[in-house]
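Let's walk through a protein chain together, starting with its overall form and ending with its surface. Take a moment to look at the picture before reading on.

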Amino acid sequence: GINAEYGKQWYQRRVRGEVRMEEREEREKQREFLDKYYEERLRDNTAQLETRIDEQTRQFKQYVTALQTNHEDEVGGLRSQLSELQKNFRSSLDSQYSSLVSYFTSKGSADLRTREEELHQ
């Protein structure tokens with residue numbers, strides 16, 4: 001009677017205890033699995049991020065290099081335009097100076113001629 005009942009309760013408690021132990025072990029296994037899973041995911045994500053950052057850094061460097069190159073091209077273009085303008089300006093000055101010189105030279109000789117004619121009259 002009492003012994004059998006006590007034995008049954010003890011057995012049930014032991015079974016319950018073992019079940020609880022198994023559940024605890026199962027939960028720990030799940031936790032370890034999840035920890036490993038999330039750790040791997042984190043590692044993968046970190047690697048992907050690093051790859052993306054490297055890629056963007058490389059693209060940015062290329063962009064900056066391209067900008068500098070274009071800038072140098074533009075500066076080169078502006079320089080050649082400037083030297084072209086300077087050349088044109090110089091030749092324009094030269095021709096203006098020449099025409100002024102020839103104008104005053106011919107005017108001078110015409111004036112001289114006129115003066116000589118006046119003197120001879």
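Here is a short tour of the chain, from fold to surface.

This is a predicted model, where local features need pLDDT of at least 70, side-chain atom pairs count only at pLDDT 80 or more, and totals for chains, interfaces and linings use all residues. Residues are numbered from 1 along each chain as its sequence is written, and side-chain values use heavy atoms, with hydrogens and water left out.

How many helices and strands does the chain have? There is one helix and zero strands, counted as DSSP runs (helices are H or I with at least four residues, strands are E with at least two, numbered from the N terminus). Helix α1 covers residues 2-120.

The C-alpha atoms fill a box of roughly 175 × 15 × 5 Å along the principal axes. The radius of gyration, taken over C-alpha atoms, is 51 Å, while a compact globule of 121 residues would have one near 14 Å (the globule rule is 2.2 Å times the number of residues to the power 0.38).

Buried residues make up 0% of the 121 residues. Buried means under 20% relative accessible area, exposed over 50%, and partly exposed in between, with a 1.4 Å probe and protein chains only. E25, in helix α1, is partly exposed because its relative accessible area is 43%.

Now for charge: the mean positions of the 21 positive and 24 negative charges are 10 Å apart. Here Lys and Arg count as positive and Asp and Glu as negative, leaving out His and the chain ends, and each charge is placed at NZ of Lys, CZ of Arg, CG of Asp or CD of Glu.
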